[in-house]
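Please view the sequence and the model alongside the text.

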Amino acid sequence: MRVLFIVLFGALAACAETKRIVIVKLDGVPAGVLERYMAETNPRTGKSRLPWFQYIFAERGVRLANFYTRGLSLSVSSWSMLDTGRPTQIKGNAEYDRYTMWVYDYLNFITFYFKNALKKGVDMECVETLDDLQQPLLIDRFPYGAVHQSYQLFQRGVRWKTLQHMLQNRFTTRPIKELFDEWQIGIGIDTSFQAQMETDLFANLKKPEKVYLDIFSSDYDHIAHLAQDPDAQLAALEKNDAMVGRIYTAIQSSPLAEETALIVVSDHGMNSTEGVYSQGFNLVDYLGTAEGGGHHVVTNRYPLQAYRLKGLFPFVFQVFTPASETAYLEGKAEQYPTAMLDPDGNERADVHFRNSDLNVLQILYEQLRRGMPQPLRRAVLNGFFEVVDRHRDGWEVELKQLEAEMEECKSEYKLPPGPAEKKKKFTTLEKKLGIDKSYLRAVNQRERFTKFIAAYESYVRTMRNLMAQKRDGFDATKVKGDDLFPQRAMGDSNTLYQLQNYVVGPGAQGIVLDGAGKLDWQRSFRRVNYFDLFLAIRTRNNVQKPVAVRPVDFTAAQAGNQAVWLSAGPDRQLLVEWRTNGAGKLELRCLPVVNLIGDAGGGMHWDPGVWKAGLPLELFEDPGRTTPPEWLNEWHEEREWLRAVHRTKYSNGVIGLYEQFHRTPVKDKFQEHRRRLARTDMMIFANDHWNFNVRSFNPGGNHGSLLRVSTHSVLMMAGGARTGIKKGSVIEAPYDSLSFMPSVLHLMGRDEPNLPGPLIEGLQ
Amino acid sequence: MISSSIIRMVVFICAGLWMEGVAQAATAQGDEFHLERVPVPGGSELLTVFGRLDGDGKVPLVSVLRDTLGDSSPHNDRLRYIWVLNYSRPNLIQRAASAIPFFYYRPVSPEKGGNRTPAPVLDLSAPAKGVWKDVFDSALQMFAFDPASAAIRSSTRSYRTNSNDLRKVFTVQGLTLLARLDASQTDMPVFSPEEMFQLQARLLLAEKKLGNLVAENRLNQAYRKETSRRDQARGLNWEILRQRAELSGLYFEPLALAGDGPSHAMLWVAREDLGKPHRFDGQLLGISDPWKDARLLRWEGYSQRRWFDGDGRLLPAGQTNSLSYDLIPLALYGLDHPRVPLRLIDFRDTFSPRGREMRDKAMQDLAIGVLGLSRFANWYYFAGRAGWDFVSGRFGAAVNRSSRLRSYSQVRQFLSLDDSFDAKLREEMMRRLNELSTNPLENRLQTEVKLARTQYNALLAYAQKPDGLARRVERDRRVELTQSVHGRAAQVAFEVLNIGSLGLYTHRESGGQELLANVDRQRKALFNAMYLQEVVESGPKVEVTWSMENVRRSVRAVADQGIRPDLVAKLFRRTGDDELRMECINALHKINSPASRAEMERLMGDPDVAPKWRDTFSGLLSSTPPATGSGGQ
């Protein structure tokens, strides 16, 4: 069957003008920097500083002058859109499940290699997640034998031979003097590794059956995070340039040279400015202080403040940082963390808080376990069950739905897999066709689902236990807290109201009663408005002129199903709304608002605002906007938005926010539910030259925000005569990540009309 | 700000013009430096950089000898020696003190001295020479002194460590100064970009034991790696200190020399904030908690009133409508140390940084000097020590002694060159830095100023003597000439003889009338060969990455000189440019040596070479008889 497919595929490929694509994936290379160096002449050589980019793409290919990542300028979500051609289901470099605290640690390569070696996994975790959601990658469009994929983020399998050959070649193919020099200068494993990836690519270019080849380089991203020195950054780009030159030359002498398209694409840009250090603000530390709410915080890596040996442990994916000042959870950092943070990418942070009402319940429960006067005890008990009763129906619906979905999943995937299933043997031919990997992939997926379900079941059990409690006869001293409050769980997402009135501990006078002898809900608890709190942060040491004193630019949170609320202060707020029009097309608009507040019933209220300077995204004052301000209030399709604002400071921020907060549903209900549980409570966007990295410092530069400097990416193509790719052409019209895949498939004559992104016009 | 590399590139193209312009007279390098150029008989020049040192007017800091062969062409220039002028040979008392184990104090610095011709810190024409001397010294130590007795072992080791440290301190000072000069070079620089680059790379490598055995063509990589590492360390340490200051309620002040990034930083505490409870995390700061320090409440040491705006940004002194605080300095840090900032001065505890250095040295003196532990026989001790260093490094200790030494040297230079400090603060810091030194061979800064002046005068006198510097340069040229006169095997033999005779024998070609012309020819040939080597190694299609005009010119030059047919053949394979190919064919034909004929034969038989070129080679080989004599190596 597979052989037949290959034959059919071969026939199909024969009709297409572009029979082969070679994609050079450059992590974090900003289009602006690349273009600037391309245009500069190197006085020593008399040619461009990046001569191959100039020669291949400026003189013999097509460049997109305005290509952007859609959504946040984060590696995982950006590559996800480029590699699937679909809106991103992955919203951060790390994601957390609210019920199980499972960490989707998408950038943990070490764990991936070990799991692969031990056959506990085949692909990177981000690929597994997309597989669970049944979202195929670009390489999945081609038969196993027709693909050559390098080491990268969305990696399927590990070619161990690359590592083996790299080590062999490093020491056996080079003169001793060269090895000595390298020892003195400093050994650079990364260079050897990149060289080996190139060698592998060249070997596969000679095979006509390989129609998809790619190579990945993170040289620029890596160095730009660490140093803002333009020399070092240029050196990384020069390395990329030389690599592209070698690949281009190898293509010219390969069997399909005339039908090969060479494509260079980057996932996002980089906010790095010479002479300016990117400053970090440590949210983990801040959230642990009394001012920040006294949270025990979960991250996916050790923060640098834990400057010690355990920071070296590579297999970590859940790190619990105890609060420096906690109001009611002393010593319970690992059982009851109340915040989860993904600051990776660094110009933004995703924050999850434990559901505020779970905090209320736990505070009241702890009170009930202490001795107190009867009227107060009664009021506290009433308060406790008032909260439980308020949520009971909602919880019931939620848990029932989850249970049903889990049952469906169990039966559909025949969970759990038997222990013998992994031991299946494969023939050489099957291995050559990748059948062994597909099989292992499926078994691992079932194991993964089994694990997820077990974790959800634990959460469901505890919640049902809580719901089963009755006011009459409830004795807190006889019920363990662990049986009532799910450990390592955040519970349901917080509403806007909850985030504006988030309970972080008992009030200054403890639990108090009102005049009617009932629990005084306002005075009994210390509450924090997290939107205002983050915006109010100011720093003492402001030694760089271009860096603002406030680390936070604005906050963002979902406001209903079809809007996101941005706040830079009570009178500087924006609502970005979306809808689908009669023609089934997405439409967006922006409304300035003031004093938006959520109410306890789940609704929200605001006063209309006016367009003025200083609103989030700075659309009003930006000279790069091509439309009048009133245009922004009106509904427009996304292409219109992109055209109107892509040159502004925040470029396609409006679309990016939609992409980040809207989720395209998937068919599988259980998977859909899991994705919903990974949704963040709120996002914090860093001011220019600020970052929230805590794992290590990135003083060179960062990305992750909606700033144009971070979202403006590279896309260039050049091809042999038969590909029809234009020569010496620049496409000025703006496009984003979703256009990449359909355009590449179109080049190959393999159009997929159901892909949502528009085709890039002017390539051929 | 235009980066130094861009300056390098731009200036390279204008090299010819530049040489002419500079040759006129001494050049000023902005306000910070002043350059003096003194011609040396026989076609060399002594370039000396003057700067301020310790606020003591213009002081000669570094001299470099450039061998120009007496012409204005930059292609045949060679840098020969670097002198760091405040580095002098220690006197007898200093030497004796440095040989006393566990003696970490400076005896009285010599008030006089430095009249002898100073020794260069590096010989750029033979950088490996110093390496072999070091290797010999180590062998002598290991096989002769170490087995003798604990007293001999520990005193010889102590002496060697101190003198190596001293050399390193001044090498770093020279490097720091050149880096500063590089950053402040105007559009009429004293040193060409390539020269500046060579100077810095070699000084960097001189810090490593075997560093100067690294090949010339790897200098670029070595320099880039090191500067990149330094920039990364600076950024990281800058952030560590800023964040820690923020967390601990302190004031952070990065310090940078004009035109350079911050290399040091200070932490301050506001007197007005004292007495209030505050968080403090000293893990990476290495200082005690200022919020619990009663001494600060009655601090009478140095403090400085500063003015800030509402955003906490520093304002000029006395600004109205601003916030004003009396700031007490807590510590000065070096930012170049890997992983953690290095505390260089603790204003409340002078002994603490010095104590760390003394402990470290004492441990080493005890283990290696007194107990005679060896890296091979007692590997477990060194493994344990490495483990301990690793763990304490993970917890934020500055464990890299070599980096500490470098930071110490840099901060001395930094304070000397920076005039933005309040005089009292500068004096205070200098005093504390002088306390930090544990090397008996070191002089106080004030002494160094005097030494620099007297040594410069001695060097000038040496440069003017007919049997002085000129003679030395002439002898160096005769050594240099062996490269073109003898084959590789003979050159290796000469080197072995030189090393084996501990430098007593050095092979030199005869001088005579033709010496300058021969050296000139050799250097130009080498220049073109190195250029073509770079072109060939740059990628698969040289016409994409290089301007063809310059490449063709170099091909013609190597053809005229009858050298490197291998490079010409490689170039032929790496180009699709017919004109260049033709130039390569003509060059191979012109060289017409056995090596060039062999290259032509290989190209003729190569199926990847187009038939028309193969025919051309065939025609040329059959129509031209082989030339007699050797050449074309």
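## Helix α6 of chain B

In this predicted model, the buried residues of α6(B) are Pro193(B), Glu195(B), Met196(B), Phe197(B), Gln198(B), Leu199(B), Gln200(B), Ala201(B), Arg202(B), Leu203(B), Leu204(B) and Leu205(B). That is 12 of the 14 residues, so the helix is mostly covered, with buried taken as under 20% relative accessible area. From first C-alpha to last, α6(B) reaches 20 Å. This is close to the 20 Å expected at 1.5 Å a residue.

Arg202(B) is one of the buried residues of α6(B). Its relative accessible area is 2%. The side chain of Arg202(B) meets that of Glu216(B) in a salt bridge, 3.0 Å from N to O. The pair links distant parts of the chain: Arg202(B) sits in helix α6 (residues 193-206), and Glu216(B) in the loop between α6 and α7 (219-248), 14 residues apart. Glu216(B) is partly exposed, at 38% relative accessibility.

## Other salt bridges in chain B

Arg552(B) and Glu579(B) also form a salt bridge. Their closest N and O atoms are 3.7 Å apart. Arg552(B) belongs to helix α19 (residues 548-561) of chain B and Glu579(B) to helix α21 (residues 578-591) of chain B, so this pair ties together parts 27 residues apart in sequence. Arg552(B) is buried, because its relative accessible area of 15% is under 20%.

Chain B also holds a network of salt bridges. It links Arg356(B), Glu357(B), Asp360(B), Arg385(B), Asp389(B) and Arg404(B).

## A salt bridge in chain A

Over all chains, the rule counts 100 salt bridges. One of them joins the side chains of Glu638(A) and Arg70(A), at 2.5 Å from N to O. Glu638(A) lies in helix α21 (residues 638-645) of chain A, and Arg70(A) in the loop between β5 (67-68) and α4 (75-84) of chain A, so the pair ties together parts that are 568 residues apart in sequence.

How accessible is Arg70(A)? Arg70(A) is buried, at 3% relative accessibility. Glu638(A) is partly exposed, with a relative accessible area of 22%.

## A buried serine in chain B

Ser409(B) is part of helix α11 (residues 401-417) of chain B. Its relative accessibility is 0%, so Ser409(B) counts as buried. Leaving out residues up to four places away in sequence, Ser409(B) touches Val169(B), Val172(B) and Gln173(B).

## Interface of chains A and B

How many residues of each chain take part in the contact? On chain A there are 63, in contact with 66 on chain B. Together the two chains bury about 5600 Å². Carbon and sulfur atoms account for 55% of that area.

The rule finds 5 salt bridges across this interface. Glu238(A) and Arg224(B) meet through their side chains in a salt bridge, at 3.5 Å from N to O. On the side of chain A that touches chain B, the elements giving two or more residues are α3 (51-58), α8 (176-185), α10 (219-226), α11 (230-252) and β11 (279-280) of chain A. The residues on that side divide into 26 nonpolar, 20 polar and 17 charged.

Technical notes: Residues are numbered from 1 along each chain as its sequence is written. Chains are lettered from A and ligands numbered from 1 in the order in which they are written. This is a predicted model: local features need pLDDT of at least 70, side-chain atom pairs count only at pLDDT 80 or more; totals for chains, interfaces and linings use all residues. Side-chain values use heavy atoms; hydrogens and water are left out. Contact means heavy atoms within 4.5 Å. Buried area is the accessible area (1.4 Å probe) that two parts lose on being put together, summed over both. A salt bridge is a side-chain nitrogen of Lys or Arg within 4 Å of a carboxyl oxygen of Asp or Glu. Helices (H or I, at least four residues) and strands (E, at least two) are DSSP runs, numbered from the N terminus. Ala, Val, Leu, Ile, Met, Phe, Trp, Tyr, Cys and Pro count as nonpolar, Asp, Glu, Lys and Arg as charged, and the others, Gly among them, as polar. Buried means under 20% relative accessible area, exposed over 50%, partly exposed in between (1.4 Å probe, protein chains only). The expected span of a helix is 1.5 Å times one less than its number of residues.
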